[in-house]
Amino acid sequence: MVQRKWLLALLIFSALLLSGFCLLIFPFYTTSSNLKESTSTISLPSPISAHSTGQVTFSAQAGDYITFTLIPETGFPPMPLSIMGGTITVYVYFGSQVLYSNTAQKVEGSINLPQTGTYTFQIVNNNDFEIEFLSTLNVDASKILLHHPYTEYSQVPNTAIQSYGFLLIMGAIIVGVVAVLTLTMQHKKV
C-alpha cells in the first residue's frame, strides 16, 4: 500500500514538474502590433514660369497620405505672394479624378490617398511673374511629404504562461515535500 502511495506521489510530482519545465522551456508566443509610419519627400517643380503649370507624379499605396505647405515666392530678395498679391492653384489627381483643388496665396493641406497607384500633384502659377518654392527656418516649402502608415508585428513570449510554469514547478516541489513527509511519518508508524 505504501508503495502505491509513493508511486502516486512520484507520478503527480513528475507530471507537475515536467509540465512546468515545458511551459518555461517552450514559451507560447503572442503577437504584438505597433503602428508605425515611414515618410519620404517629393520635390516640387520649382521655379514655375508666369501662367505656367508645374507638376510632379509619385506612386503611393492605399492608406498613404501627403502633407504640404506651399509658400510661393518671387523676386530678389524672395517675396511671398501675400506681399506681391498673387495666387496659385493646386490640384491632386488620381488618373483623371481630382482629389484636391485649392486656390490661395499660401496652400497647405493633408490629403488621404485612397488607392494604390500613381498620383499627380499639379501647381498652376496664376501670376504674371515666375514663382519658386523655398525653405524657411520653420517650413520646408519645397517638398511634399508622403506618409506611409503600417503595422509592425512581433512575437513576444507570453509571460502569463511562463508564470503558470513557475507555479507548476512550485506545486511539484510542494507535492513532493508533503508526500515525502507524509509517507515517511506513515512508514515510521508501521
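## Aromatic pairs

Rings of Phe, Tyr and Trp (its six-membered ring) count as a pair if their centres lie within 6.5 Å; planes under 30 degrees apart make the pair stacked, over 60 edge-to-face, and the rest tilted. The structure is a predicted model, in which local features need pLDDT of at least 70 and side-chain atom pairs count only at pLDDT 80 or more, while totals for chains, interfaces and linings use all residues. Residues are numbered from 1 along each chain as its sequence is written, and side-chain values use heavy atoms, with hydrogens and water left out.

A search of the whole structure gives 5 aromatic pairs. One of them is the stacked pair of Tyr91 and Tyr93, at 5.8 Å centre to centre and 25 degrees between the planes. Phe94 and Tyr119 form a tilted pair, because their ring centres are 4.7 Å apart and their planes stand at 45 degrees. Phe94 lies in strand S6 (residues 88-94) and Tyr119 in strand S9 (residues 117-125), so this pair ties together parts that are 25 residues apart in sequence. Strands here are DSSP runs (E, at least two residues), numbered from the N terminus. Phe94 and Tyr119 are both buried, where buried means under 20% relative accessible area, exposed over 50%, and partly exposed in between (1.4 Å probe, protein chains only). Ring pairs link Phe58, Phe94 and Tyr119 into a cluster.

## The nonpolar core

A nonpolar core is a set of buried Ala, Val, Leu, Ile, Met, Phe, Trp, Tyr and Cys residues joined through side-chain atoms within 4.5 Å. The largest one has 25 residues, and those touching the most other members are Phe58, Ile66, Phe68, Leu70, Ile88, Phe121 and Ile123. At least two core residues come from each of strand S2 (53-60), strand S3 (65-70), S6, strand S8 (107-112), S9 and strand S11 (143-157). S6 supplies the largest share, 4 residues.

Leaving out residues up to four places away in sequence, Phe68 touches Tyr100, Val107, Glu108, Gly109, Ile111, Phe121 and Ile144. Contact means heavy atoms within 4.5 Å.

## Thr89

Thr89 is in strand S6 and counts as buried, at 7% relative accessibility. Its side chain makes a polar contact with the side chain of Asn126 at 3.0 Å. A polar contact is a pair of N or O atoms within 3.5 Å; within protein, one must be able to donate a hydrogen and the other to accept it, and residues adjacent in sequence count only if both atoms are side-chain atoms.
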